[in-house]
Amino acid sequence: MAVRRGSAPKLGDVLLVTGSEGFLADRAVRSAIAAVKKEFAEAETTELDASTLDLGVFAELTGPSLFAAERVLVMRALENLPAEMAPRLIEYAGAAAEDILLVLVHSGGQKGKGVLDKLRKASVTEVVATAPKAWELPQFVAGEIRLHGGNVDERAATALVDAVGHDLRALSGACAQLVSDSGGQAVTAELIGQYFGGRAEVTSFAVADAAIAGRTEPALEQLRWALDCGVAPVLMTSAMAGGLRGLAKFSSAPGGMREADLAREVGVPPWKLKSLRQQSRGWTPGGLATAIKAVAQADADVKGASGDAGYALERMVITVSRAHGRR
């Protein structure tokens with residue numbers, strides 16, 4: 001989830017947006033820009049990649065402007081900031097211009113961590129954009145629906161996650177559509193079924209569940225249906241990776257744990273433990289290692305390493321399902 005540390009951003013601040021969840025990071029940037037423009041409608045917005053920055057460009061962007069008194073400067077990919085620019089940026093963060101909101105976006109990871117640490121010491125405002133865990137997604141859905149002025153119960157929120165998947169942009173769009181079309185009524189599981197019921201049978205999670213259960217033919221059949229329905233290949237690898245990670249954590253968890261403690265250890269809601277127990281039968285450490293390696297290769301392939309995403313996904317499904325029961 002997007003977690004804010006410090007007060008809301010305003011002119012004269014430096015806002016640091018960190019984390020790998022692009023949807024939440026983009027929302028934090030849009031919200032910051034909107035906050036400034038709400039007060040200063042004519043405020044100028046400039047966006048650039050940090051890798052293109054040099055001392056001259058930075059001085060021009062942060063110096064007095066002939067065209068706009070109030071400005072928002074968004075600097076993306078902070079991890080690629082040239083080394084010679086780091087001291088100047090940190091110096092600016094300690095004495096920011098009063099008519100500028102500087103938004104620095106870092107996509108996560110260790111690259112550029114030294115700059116992040118020094119910026120934090122300069123008391124910048126930070127928004128941490130991290131993807132919610134699978135069991136937190138119904139809470140995300142409920143929050144999105146409330147954001148659009150609607151309401152939903154836990155059962156319906158879970159149904160929407162089951163139907164649409166784990167992609168936050170897709171879930172957010174679905175929430176907006178459902179609230180808009182609900183006519184002021186609560187968003188129900190029945191309404192979700194009318195809109196997304198056809199997709200629920202061919203989601204990436206259905207493919208993953210079939211493959212992890214060792215059911216090769218049904219998994220391949222559902223994979224083809226899902227692709228025909230427009231499910232993004234990257235969601236397939238994500239669902240498969242999530243399923244195998246949960247299975248690996250469950251299999252390696254200490255014995256004798258209470259249900260609630262085990263669920264926290266594995267990172268799933270308690271109701272998911274029953275299906276994990278069923279899935280774990282027939283899986284060995286060697287088989288899991290083979291399956292996880294196959295998913296990592298497929299993920300790289302669908303993100304550009306291979307020209308045929310469909311073939312890469314079929315190979316992944318076959319390898320994972322056949323790894324079930326392998327010593």
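## Leu 171 and its neighbours

Let's start with Leu 171: if we skip its neighbours within four places in sequence, this residue is in contact (heavy atoms within 4.5 Å) with Leu 137, Phe 140, Val 141, Leu 160, Val 161, Val 164, Gly 165 and His 166. A quick note before going on: this is a predicted model, where local features need pLDDT of at least 70, side-chain atom pairs count only at pLDDT 80 or more, and totals for chains, interfaces and linings use all residues. Residues are numbered from 1 along each chain as its sequence is written, and side-chain values use heavy atoms, with hydrogens and water left out.

## Two nonpolar cores

A nonpolar core is a set of buried Ala, Val, Leu, Ile, Met, Phe, Trp, Tyr and Cys residues joined through side-chain atoms within 4.5 Å. "Buried" means under 20% relative accessible area, "exposed" over 50% and "partly exposed" in between, with a 1.4 Å probe and protein chains only.

Which residues touch the most other members of the largest core? They are Val 103, Leu 160 and Leu 171, out of 42 residues. Helix 1 gives this core its largest share, eight residues. There's also a second, separate core of 36 residues, with Ala 263, Val 268, Ala 312 and Leu 313 among them.

## Helix 1 against helix 7

Helices here are DSSP runs (H or I, at least four residues), numbered from the N terminus. Helix 1 (residues 22–39) packs against helix 7 (residues 168–181) at an angle of about 60°, and the axes are 8 Å apart. That makes the two helices oblique to each other; the other labels are roughly parallel (under 35 degrees), roughly antiparallel (over 145) and roughly perpendicular (65 to 115), and oblique covers the rest. Axes are lines fitted to C-alpha atoms over the stretch in contact, and angles run from 0 to 180 degrees between N-to-C directions.

On the helix 1 side, Gly 22, Phe 23, Leu 24, Asp 26 and Arg 27 meet Leu 168, Arg 169 and Ser 172 of helix 7.

## Two aromatic pairs

The structure holds two aromatic pairs, meaning rings of Phe, Tyr and Trp (its six-membered ring) with centres within 6.5 Å; planes under 30 degrees apart are stacked, over 60 edge-to-face and the rest tilted. Phe 23 and Phe 140 are edge-to-face, with centres 6.4 Å apart and planes at 80°. This pair links helix 1 to helix 5 (residues 137–147), 117 residues apart. Phe 23 is buried at 7% relative accessibility, and Phe 140 is buried at 5%.

Phe 58 and Tyr 92 are also edge-to-face, at 5.6 Å centre to centre and 85° between the planes.
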